[in-house]
Amino acid sequence: MSTLQGKEKSQYVQDMFGRIAARYNLMNRLMTLGQDQRWRRFVIQKAQLPAGGKMLDLATGTGDIAFEALKATPDAQVMGADFSLPMMVVGQQQKMGDEVGWLGADALQLPFPENTFDAVTSGYLVRNVIDIPQTLCEQLRTLKPGGRIVILDSSPPPQNLLRPFILFHLKTIIPTMGRIISGKQGADAYRYLPESTQSFKTPEELATLMNQAGIQNVQFKRFMFGTMAVHWGNKPKNS
């Protein structure tokens, strides 16, 4: 499944997230032992969203990052965009669901003019797109000069003593949990997600792609034994 390419991969990912939308939040908490909420707060910290600012959260899913932005900056204008409509339907039903603007959108062709947002965030977007440089360029285009891009995504397990245990968790524990929690319709999803983690870019490789796209001051921090990373950088002020 992780070997899918092009439109076939895009369609698979869209359908997959639709199938697991109802139990997605629960599975995230279980898979990460609740740490995913801390990572999302870190994303918002690095976004540096100003009072009254505008933020776009791509692959917003059920809106967790968007909600964290509103908790930190209550007067912000936050737009959540995703191509999985069932995921956003779940988000709209959450406590702060009516405070976010929800939009079906393709991260490779964003329906916003240039220089619109003070920050663009994403959670588990880049691993699933079919063209990483294109989505980075689109995020830069819609950012205001000096604005921040912040990316939360998984990373391949590092080569260390913990790698065998991490691989067992990815290949056995997560698919088993997915089958129990999400049922038959979500079983393949929780095989795809660990597989895509193992085949994704290392934090260093993603940082290089961000630099090549024109993002400045790129930095990253690893989490969860090196299997998650948050990257951040800014659009040049003179662009």
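## Aromatic pairs

In this predicted model, five aromatic pairs are present. One of them joins Phe42 and Phe223 in an edge-to-face arrangement, with 5.3 Å centre to centre and 70 degrees between the planes. Because Phe42 belongs to helix H3 (residues 35-47) and Phe223 to strand S6 (residues 216-223), this pair ties together parts that are 181 residues apart in sequence. Phe42 is buried, at a relative accessible area of 11%, and Phe223 is buried at 6%.

A further edge-to-face pair consists of Phe67 and Trp102, at 6.2 Å centre to centre and 75 degrees between the planes. Phe67 lies in helix H4 (residues 64-72) and Trp102 in strand S3 (residues 101-104), so parts 35 residues apart in sequence are tied together. Phe67 is buried, with a relative accessible area of 8%; Trp102, at 18%, also counts as buried. Ring pairs also link Trp39, Phe42, Phe223 and Trp232 into a cluster.

## Nonpolar cores

The largest nonpolar core comprises 46 residues, and those with the most contacts inside it include Met16, Phe17, Tyr24 and Val230. Beyond its neighbours within four places in sequence, Val230 is in contact with residues including Trp39, Phe42, Ile151 and Phe223. Another core, of 27 residues, lies apart from it; Phe112, Phe117, Phe200 and Ala207 are among its members.

## Cavity

The structure has one cavity of 30 Å³ or more, and the largest cavity holds about 40 Å³ of space. Its lining includes Asp153, Phe200, Leu206 and His231. Strand S5 (143-154), helix H10 (203-212) and strand S7 (228-234) each give two or more residues to this lining. By class, the lining has four nonpolar, four polar and two charged residues.

Notes. Residues numbered from 1 in each chain as written. Predicted model: local features only at pLDDT ≥ 70, side-chain atom pairs only at ≥ 80, totals over all residues. Heavy atoms only, no water. 1 Å grid on protein atoms, 1.4 Å probe; cavity = no way out; pocket = protein on both sides within 12 Å on 5 of 7 lines; lining within 4 Å. Points joined across faces, edges and corners; volume = space filled by probe spheres on them. Helix = DSSP H or I, 4+ residues; strand = E, 2+ residues; numbered from the N terminus. Nonpolar A, V, L, I, M, F, W, Y, C, P; charged D, E, K, R; others polar. Core = buried A, V, L, I, M, F, W, Y, C linked by side-chain atoms within 4.5 Å. Buried < 20%, exposed > 50% of the residue type's maximum accessible area, 1.4 Å probe, protein only. Contact = heavy atoms within 4.5 Å. Phe/Tyr/Trp six-rings, centres within 6.5 Å; stacked < 30°, edge-to-face > 60°.
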